[in-house]
Amino acid sequence: MEDFNSETDSDYTSYWRDWFISSRGNEYFCEIDEDYLTDRFNLTGLNTEVAYYQYALDLVTDVFDLDADDDLREQIEKSARHLYGLVHARYIVTTRGLAKMVEKYKRGDFGKCPRVMCDGHPLLPMGQHDVANQSNVRLFCPKCEDIYNPKSSRHASIDGAYFGTSFHSMLFQVYPSLVPEKSIRRYEPRIFGFKVHASAALARWQDQFREDQKANLREAGVEAKYAEDVSEDEELEDDDEPVTETKEEKVAGDAASGRMDIGN
Amino acid sequence: MSSSEGAPESWISSFCSLMGHEFFAEVSEDFIEDDFNLTGLQSQVPMYKEALEMILDVEPEDDEDDEEEEEEEEDEDEILGDEKPPGYRRAGARTHARVASDLSVIESSAELLYGLIHQRYITSRPGIQQMLEKYEMQHFGGCPRVYCNGCKVLPVGRSDTPGQETVKLFCPSCQDLYTPPNSRFHSVDGAFFGTTFGCLFFMTFPDLDIGPRLDSSFSALSPTRSSSLTSSSINNQVAPDVPPPNQPAEINGVRTVNFSPGLGPGRIYESRIYGFRVSERSRSGPRMKWLRMKPTDIRELDEMARYEALHGEADNDGDTEMGSGSGTTQSAAIAKRKKAPMRRRRYNPDQMSINGAEAG
């Protein structure tokens, strides 16, 4: 036990969060600021959700100094991970949390969309519930606006509540420039080159649905744009390179303006 | 390996057991030996004859007994072969010429040829049956989309020409295409499965249960076409969130229950912030709903019936009141047949009875 204690005083526990986010399977998490964790207001209500709440919090904030046997220690460790997850869901919808997650999103830390027509668009983690132990983490593709299961089992076991239902929508509200261009490309099943009637009929119906929605939106003064429409308007800018450059600049600029908006 | 005692594995089965080749079915030798099935491949595959011999494990005529040695030393030979000048052994015996760099060319030709034959084989009756077995054993994995509930997927290609795109997975539940999660399939050519296979498979087995796995009410059905009609009464209320009455058992040639069950209201993800839906009018609002949409009333997809209902009222007055007078009915029916001559007759009697039953 004494050995254990001396260890806890060393740098091992002083970086509990570092250790947590760098351990395998936790790639989706970002690091929560110390300030955020120590502000009790941000933790409102969590003491009833987490067992050994105080110890767990101490462990997460690196001030844990309890003589505990292995069993208890393990329980507290588990609680700490749970607590960290729940705080994480709250943290990532704050300005700072969003900025950190945007970085991870741009790096593609959350994987790529498995849908072929999305061309490997980066994903965002999300949950279908805000209450713990209801469903596992899902991945949201902003391009096709659908949700997918993580392909790796080590990610599939993460609780969805650690990311929450609102995070990804909030991110695109705050950074509207990050909203990817939507595409109307789709897969057309064919047999010996001929379209299949059932699928084609559905596709026509869906296209009609889209056009109706577009018309409704236009009536409301909102223009719903798809990649295929844009290409017609910008026929002059055919070169690929300058277009991508301007895109990136635009993204960076708008991200900054997004931050400004919050400040106001 | 376990089944064959001492005897070397056939080229086909060893090819199919290679890492990353799990999607392939073992093409029967009968199929390959039928020249008709190989029509046109000769021009697509270099060293066609040698490749075919390799696939069928036929010993080339010139080789006598060193075939096995060749295969064992293949790797070394490749390395050696690369270093040697090309014309090195040409003058010598043909057997030795083949040992060298040729063998790796033949090997890759054989893989190409096998893939192209495979593309044809899996659309044939025995081939598609073999793929059904693999499908039911879930060799191809499940759909990553959450609302498809892990529906089993099929390997397909987006092109029938080799070297264009790698293999993709087709999900019948959302009618969409996905990249295989495992990167070892990212080097498998999609043309080896072809564009036709995916849809043909589900049309060949229309009663395959592709709905949510929990639903067991119709999993016991035998896979025959006739049973689909009799069991329609049970299947009508399969989707609990879509309860319109009088749904037909079949729509556009597909059983309604099996027609993209992963799509439609209740199976579309809606973004929410603190429980409130993100408005369509928001800049970042939903724009892709159409992709996962399906009409609640599946009859909306019966374009023929809808067209005739519309035009019957607009153009043809006699059409709607068919029952009233037999003379006008007949002439109206004839006029209608003249207007849409070819098309309608090909449709199934069900649809004919909607419009033309009284006329006859």
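Residues are numbered from 1 along each chain as its sequence is written, while chains are lettered from A and ligands numbered from 1 in the order in which they are written. Because the model is predicted, local features need pLDDT of at least 70 and side-chain atom pairs count only at pLDDT 80 or more, whereas totals for chains, interfaces and linings use all residues; side-chain values use heavy atoms, with hydrogens and water left out.

Chain A contributes 56 residues and chain B 51 residues to the contact between them, where contact means heavy atoms within 4.5 Å. The two chains bury about 4,900 Å² between them, 60% of it on carbon and sulfur atoms; buried area is the accessible area (1.4 Å probe) that two parts lose on being put together, summed over both. Of the area that chain A buries against chain B, 14% is supplied by Val116(A), Tyr187(A) and Trp205(A), more than by any other three residues. Four salt bridges are found across the interface of chain A and chain B, a salt bridge being a side-chain nitrogen of Lys or Arg within 4 Å of a carboxyl oxygen of Asp or Glu. Arg204(A) forms a salt bridge with Glu303(B), with 2.7 Å between the closest N and O atoms.

In chain A, the axes of helix H4 (residues 53–60) and helix H5 (residues 70–91) come within 8 Å and cross at roughly 75°. Axes are lines fitted to C-alpha atoms, for helices over the stretch in contact, and angles run from 0 to 180 degrees between N-to-C directions. H4(A) and H5(A) are therefore roughly perpendicular to each other (65 to 115 degrees). Residues of H4(A), including Tyr53(A), Leu57(A) and Val60(A), meet residues of H5(A), among them Arg73(A), Ile76(A) and Leu83(A). The residues of this contact comprise ten nonpolar, one polar and two charged; Ala, Val, Leu, Ile, Met, Phe, Trp, Tyr, Cys and Pro count as nonpolar, Asp, Glu, Lys and Arg as charged, and the others, Gly among them, as polar.

Chain B contains 15 helices and seven strands, assigned as DSSP runs (helices H or I, at least four residues; strands E, at least two) and numbered from the N terminus. Of its 360 residues, 46% count as buried, that is, under 20% relative accessible area, with exposed over 50% and partly exposed in between (1.4 Å probe, protein chains only). Among the contacts in chain B with a separation of 6 or more, 63% involve residues 24 or more positions apart.

Helix H3 (residues 48–55) of chain B is largely enclosed by the rest of the structure, because seven of its eight residues are buried. The buried residues include Tyr48(B), Leu52(B) and Ile55(B). Asp57(B), which follows H3(B), has a positive phi near 55°. In the loop between helix H2 (29–33) and H3 of chain B lies Asn37(B), which counts as buried at 16% relative accessibility. Asn37(B) touches Phe31(B) and Arg120(B), residues up to four places away in sequence not being counted.

The axes of H7(B) and helix H8 (residues 197–204) of chain B come within 11 Å and cross at roughly 85°; H7(B) and H8(B) are therefore roughly perpendicular to each other. Their contact has eight nonpolar, one polar and no charged residues. Asn149(B), in the loop between helix H7 (125–136) and strand E1 (154–156) of chain B, is partly exposed, with a relative accessible area of 39%.

Methods: Angles under 35 degrees count as roughly parallel, over 145 as roughly antiparallel, 65 to 115 as roughly perpendicular and the rest as oblique.
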